[in-house]
Amino acid sequence: MAPRPGNPHRGYRDVAVAVPVSVPYVRYSIESAHWWIARALSELTQRAGIQPADLDGLSVSSFTLVPDTAVGLTQHLGLTPRWLDNIPMGGASAVVALRRAARAVEAGDASIVACVGGDANQVDSFRKLLSSFSRFAQDASYPYGYGGPNGSFALLTDHYMRTYGATREDFGKICVAQRKNALTYPHAIMKKPLTLEDYLNARPIADPIHLFDCVMPCAGAEAFLVTTVDIAQDLGLPYANLLSAIERHNAFPDDPIQYRGGWAMDVDELYAIAGVSPDDIDVVATYDDYPVIVMMQFEDLGFCKKGEGPDFVRSHDFTAYGSFPQNTSGGQLSAGQAGAAGGYLGLVEVLRQVTRQSLSAQVAGARTALASGFGMINYDRGLCSGAAILQGVQA
Amino acid sequence: MTTPIAPPPRKDPQKVTRPPELPPIQRSRASLELSAMAARGVFALQHCELCGTIAYPPRDACPKCLSINLRFRPVDDGGEVIAETRVHTTPDLYFRQRMPWRVGTVRLDCGPSVVAHLHGDVEVLSRVRMTAKLDKSGNAVMMALPAQETENMADDVQYRELTASPKHRRALVTDGRSAVGQAVAAALSKAGASIIFVGIAEPWKPFPGEKELAAIPKVEIMPLDITDTTSVTELCGEIGGKTDILVNTADYVRPGGLLAPGSVVTARDAFDVNVFGLQRLAQAFGPGMRARGADGTNSAAALVDILPVYALANIPSFGFYSASAAARHSLLQCLRAELRPGGVRVLSVFTGPLEDDWRQHVPPPKVQPSQIARAVVTALEEGIEETFVGDVAKDVAERFLDDPKVLERELGL
C-alpha cells in the first residue's frame, strides 16, 4: 500500500528534534507513571531553558497511567497545551510521537512539543499489565502457557532460526555487543560484562529464548523536544533535523507467522524522502525487545536482504567503535525496558549521538542516525512498526 | 509415543495437597462461543457469511471485508506445526505448577494460524489434528494432536489437563440397582478406573444383575441411598477423600402430566431422587472434590449426571418428570460454576427415552444402558461438557438450539 497518486508522502520542513532526556531507570519503584513523566518533563524544560508553560504541545506514551490518559496528566502537571497526543503503541511510540509532533510543528498547530514515554514498575505490576494487555492476547495467547511476550517471541524466534539458519551464537553476538555498549552508559541497569559463554549457558525462559534474550522490566522515563529549527536556534539548543519517518500497523496480516515487520513495506520511502541510503547511516537504534527482532530490522530496514540477517551479524561489530554501531546505550536488553519508555530509548540515544551529547561512548563522526520502533504483540506478532532518520546539525 | 502414566503412589497425608489454580479465565464474548462449541465436542471457527473468510482469534467483524456476519461452523481440523516453544517461566500460578509447557504455532489448512497446546507426539512440521477442548477454567483452548492415533496418546500430561480421564482414577456410581448404573460401572472398569464404588440402597434386597455387578473388576459395593442425607454423608465420610469421578446414575421416572391424579405425591418422589438426590451428593462430595482438583494423577476430575433430554423442554406425557429434569439441569449449571474454582468438571449426559418398564408405551428409537455407559466414558475421556445420547436426544438438542419455543410446541402436540 504505497501512497495514493496525487498525495505523495511529503518530507519534513525545518523540524528540529532536541534535548534528549533519560531519567535513570530503577528495577522496581514505588513511584507512579505520573512521577516518572514529571521528572522527564522537568529535566526537559530546564535543559531547554524554558518554562513548563512554554510547552504548547504534549505527546504521552505510558502503560501505567491508568485510570488517567494524557488528558488527566495536563491537569496533574499543570500544563495547558494546545496540542495533545496519547500514543499507546509501546515500542513504536517514540517514532510515531515524533512523526505526529513534527507535522504539528510544521503546520503551526504547536511550537514546542514535549514527547515523553514513561512507566512505573511496582512489584507485580508486570503481571497485572500482561493480564489486561489486549483482547486477542487474553483470548488466544495467555491461556497457552502464559509465557507473555517471551512465549510469543519464542515462536517467532524458533521459526526464524529454522527458516534462515540463525543460531543462538548469532543472537548472542548482538546481546554481548550491546552489553559492551551498556557498560559505557551510566544509566544502564545492567552493570556486569556479558560473555558469549554466559549468554549461551543462561537458563531457558521459553525455548529457544534464554535469560539474556529478554529485557528487564523496570521503571523510568525518556523524552525529547520537537520544535522548529528557528526556535531551536533561538534557544541555543543542539538539535537534529528530522529527515524522514515511516509507520505501519498490522503489516502482512496473511503471513502465517511473523518473519518481517512493517518496515519492509515502507523502507524505500523512508530512504527516498530522507535522500540518504542505508550506507549513509552512521549509528542505528533498533528496537531490541528480543534479538531476533534486531536481526529482522537489519533486513527490513535495508542493511541486508531478507534471510541475510545471520550473515550480516556474523560480519559486523555492533559496538560504538565497531563497523556497525547500534544500540550504543545498550538497548533495552542491557539498559532495561521501562514500559513505553523502551520505545523511546533508542531514539533518545541516537539523538544524543548525532548532537554530540552522548552519555555512552561517542560514535566517531556520527551525523546521520536511524531509530526504529516496534510494538504491541496483540496476539501472535508485533503490530506497530516505525522508523525515523535524524541528521545532527553541527554548530 | 507417549509414556504411559504410572498409577499414582499412595497419598502421603502429611503432605500439602496441591491447591487448585485455574488457567486464565477471562474471555471475550466471541470467544465464549468457541467454548460453547468445545463444550459439545465440536471444533468450529468463525466464518464470514459474506466473503467466506475463516477467522481466528474470535472477533466481531471479518478482517477481510468488515462484515459483522460471522458464524461459528465446524471446519477442517487439519494443520501443520510451523513453530514450537517450551515455556519455562511464567507469572501465572496454574502454568507455574506445570512447567515446562509446550506450545506451538499451527497453520490450519482452512487458513488461520493458531497458537495451540502441543501434544507430546507432535513437533515442527508434524501434520496435526486440531481440537478445541475446555481447559480447567471451563474455556475452550486449542490443542494440536497427532494426525494419526499414537500409542498411549491420551496419557500426554498436557492433554490430560483437558480431559477427566477415568484411567487411574477412583469413581463413584450412585445407583447400582439400575441397568444404567451397572453398565456405567462396567465401562469405567474397562476404561482403567482404579476403583469403582457402586452405591446400593437397601443392600439386603436382591436385584437383577447383582452377581454380574459384583464380578466386575475393581467394583466395590457401598451402601448409598441418595434420598437419605445421613446415608450420603456417611458414605462421603468413608470415601469422599478418594472420589475423583462421581457419576450420578440415579433417575426416578414416572409417566404423567400435572393433571394426573396423585401427581403431587409422585412428583415429590421424583424430585427427591432427581433433584434433591443430586443436591445431597453435591453438598456432601462437592467441597472435597473442589479442594482436590489438582491433586496429581488421581485428582478429582468430574461430576457426571445422566439426565433425560426433556430437561431442555417439557414432554407433557412425562410432565413432572421433565420438570424434575429441568430443575436438575439448572442445578448442574449452578454446580458447574461452583466446582470450577477447583478445576472439577460437571458433565451433563442427556439421554433419549431408555428401554425400560416405565417407557413401554414410548415408541422407538430408544437408548440402551450400554450406549449411555459408552457416552459417559467418552465424555470423561474427551472432556465433553454436554453429550446427547441416542437419536431422540440429538434431535431434541438440535431443535432446542434452533428455537426452544418451537420445540415446546413440537413436544406438546
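Two residues are in contact if their C-beta atoms, placed from the backbone, lie within 7 Å. The model is predicted: local features need pLDDT of at least 70, side-chain atom pairs count only at pLDDT 80 or more, and totals for chains, interfaces and linings use all residues. Residues are numbered from 1 along each chain as its sequence is written, with chains lettered from A and ligands numbered from 1 in the order in which they are written.

Chain B is divided into domain 1 (29–160) and domain 2 (170–411), with bounds from an automatic or database domain assignment. Their centres, taken over C-alpha atoms, are separated by 31 Å. Across this boundary, 9 residues of domain 1 of chain B are in contact with 9 residues of domain 2 of chain B.

Between the chains, 33 residues of chain B are in contact with 30 residues of chain A. β4(B) gives the largest share of the chain B side, 6 residues. Strands are DSSP runs (E, at least two residues) and helices are runs of H or I of at least four, numbered from the N terminus.

The table gives the elements of chain B with two or more residues on that side.

| Element | Residues |
|---|---|
| β4 of chain B | 78–87 |
| β5 of chain B | 101–108 |
| β6 of chain B | 113–118 |

In chain A, 12 of the 16 residues of α6(A) are buried, meaning that 20 or more other C-beta atoms lie within 10 Å of a residue's own. Among them are A:P149, A:F153 and A:Y160. What covers the buried residues of α6(A) includes α11 (291–300) of chain A and β4 and β5 of chain B. A:G165, with a positive phi near 75°, follows α6(A).
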